[in-house]
Amino acid sequence: MKAPSARHTAIRTASTLRKGWVWLRPYVVLALLLLVVRFCLLGHARMVGGQHALVSLTYYGLRVPGEGLWGYHRWGYRVPAEGDPLVFTVDDGHHTPMTMAGVCRALPGQTVWIDPVRRIVIPGRTSPDAQPIVIPGQNHSVRVTPYNARLLAYIMRQYEHCTSVEVDTLGHLLLGGQPLARVRLMRDYYWVETCPDSFILVPHDALVGKVVYYKP
């Protein structure tokens, strides 16, 4: 039998590569489209103080429409990094969302320190009055202390749909009148600095996106 020539071998190789590319091309296109959607879908946000920001709406996951039917879902789930500038929404107290901007300073499971006497956040255990605040995470058990009870009560009422919690005069967190030693929350929370020395706990489902451009 006559051996195939180099030309015929090259033709067969090229044909195989073309067939492989035809099979692979839709997946390459889809991957590129996903990357574009992931990093390039931008939106405009206007904050309560009149500031404006250009925001990546997919950086922490794209919110799936129809939340009224099947609840909150994101396509993709990415946790902010420390130092990320981000835009989020909070309730103004009248069930109307307000849009705000801030910088992520701590992640779920991390600890921040407060001085309850001076009522300030401190960079570490640098004061004899320092007390730790552990940032809640999804399904993480958090110990209740007199120093985090009011903060936990706020986010439980605001975001965890638990309206029967309260804090007594001794700093005990009560659920239906019974004290709680630990709580387990359903969301990841982030310690966000909204302005110098002003902080707020923001749940993941309140994130609008990462700031790409900010105009004061």
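# Reading the terms in this model

User: Where is asparagine 139 placed?

Analyst: This is a predicted model. In it, asparagine 139 lies in the loop between β9 and β10 (141-143).

User: Why does asparagine 139 count as partly exposed?

Analyst: Its relative accessibility is 43%. Buried would need a value under 20% and exposed a value over 50%, so a value in between counts as partly exposed. Asparagine 139 therefore gets that label.

User: What makes the backbone of asparagine 139 worth a remark?

Analyst: Asparagine 139 has a positive phi of about 60°, although it is not a glycine. Most residues other than glycine have a negative phi. Aspartate 197 is also not a glycine, and its phi is positive at about 65°.

User: Where is aspartate 197 found, and how do you know whether it is buried or exposed?

Analyst: Aspartate 197 belongs to the loop between β15 (189-195) and β16 (198-203). Its relative accessibility is 68%. The cut-off for exposed is over 50%, so aspartate 197 counts as exposed.

User: What makes β8 and β9 edge strands?

Analyst: The sheet is open, with three strands in the order β8-β7-β9 and antiparallel pairing. β8 (120-122) and β9 (131-134) each have a single partner strand, so one side of each has no neighbour in the sheet. Neighbouring strands here are turned by 45° against each other on average, direction ignored.

User: How do you know that β7 and β8 pair?

Analyst: Pairing needs at least two bridges.

User: Why is the contact between arginine 118 and aspartate 115 called a salt bridge?

Analyst: The side chains of arginine 118 and aspartate 115 meet at 2.8 Å, N to O. A side-chain nitrogen of Lys or Arg within 4 Å of a carboxyl oxygen of Asp or Glu is what the term requires, so this pair qualifies. The side chains also make a polar contact at 2.8 Å, for which the limit is 3.5 Å.

User: Are the two partners buried or exposed?

Analyst: Aspartate 115, found in strand β7, has 1% relative accessibility, which is under 20%, so it counts as buried. Arginine 118 has 52%, which is over 50%, so it counts as exposed.

User: How many salt bridges does the whole structure contain, and which distant parts of the chain does lysine 210 link?

Analyst: The search finds five. Lysine 210 forms one of them with aspartate 84, the closest N and O atoms being 3.7 Å apart; the limit is 4 Å, so the pair counts. Lysine 210 is in strand β17 and aspartate 84 in the loop between β4 (74-75) and β5, 126 residues apart. Aspartate 84 counts as buried, because its 8% relative accessibility is under 20%.

User: What makes arginine 187 and glutamate 160 a pair that ties parts together?

Analyst: Arginine 187 and glutamate 160 form a salt bridge, with closest N and O atoms 3.6 Å apart. Arginine 187 lies in the loop between β14 (182-184) and β15, and glutamate 160 in the loop between α3 (149-158) and β11, so the pair joins parts 27 residues apart in sequence. Both residues are buried. Glu160, Arg187 and Asp205 are linked in a network of salt bridges.

User: Why does valine 87 count as buried, and what stands opposite it?

Analyst: Valine 87 has 0% relative accessibility, and the cut-off is under 20%, so it counts as buried. It is found in strand β5 (residues 85-91). Valine 87 stands opposite alanine 101 in β6 and opposite glycine 209 in β17. Seven bridges join β5 to strand β6 (residues 97-106), and three join β5 to β17. Both pairings are antiparallel.

User: Which residues form the nonpolar surface patch?

Analyst: The patch consists of Leu42, Leu54, Val212 and Tyr213, with about 370 Å² of accessible area together. Tyrosine 213, in strand β17 (residues 207-215), has 51% relative accessibility.

Conventions:
Residues are numbered from 1 along each chain as its sequence is written. This is a predicted model: local features need pLDDT of at least 70, side-chain atom pairs count only at pLDDT 80 or more; totals for chains, interfaces and linings use all residues. Side-chain values use heavy atoms; hydrogens and water are left out. Helices (H or I, at least four residues) and strands (E, at least two) are DSSP runs, numbered from the N terminus. Axes are lines fitted to C-alpha atoms, for helices over the stretch in contact, and angles run from 0 to 180 degrees between N-to-C directions. Buried means under 20% relative accessible area, exposed over 50%, partly exposed in between (1.4 Å probe, protein chains only). Patches are made of residues with over 30% relative accessible area and no salt bridge: like charges are joined within 9 Å, nonpolar side chains (Val, Leu, Ile, Met, Phe, Trp, Tyr) within 5 Å. Accessible areas come from the Shrake-Rupley method with a 1.4 Å probe; for residues, only the protein chains shown count as cover. A polar contact is a pair of N or O atoms within 3.5 Å; within protein, one must be able to donate a hydrogen and the other to accept it, and residues adjacent in sequence count only if both atoms are side-chain atoms.
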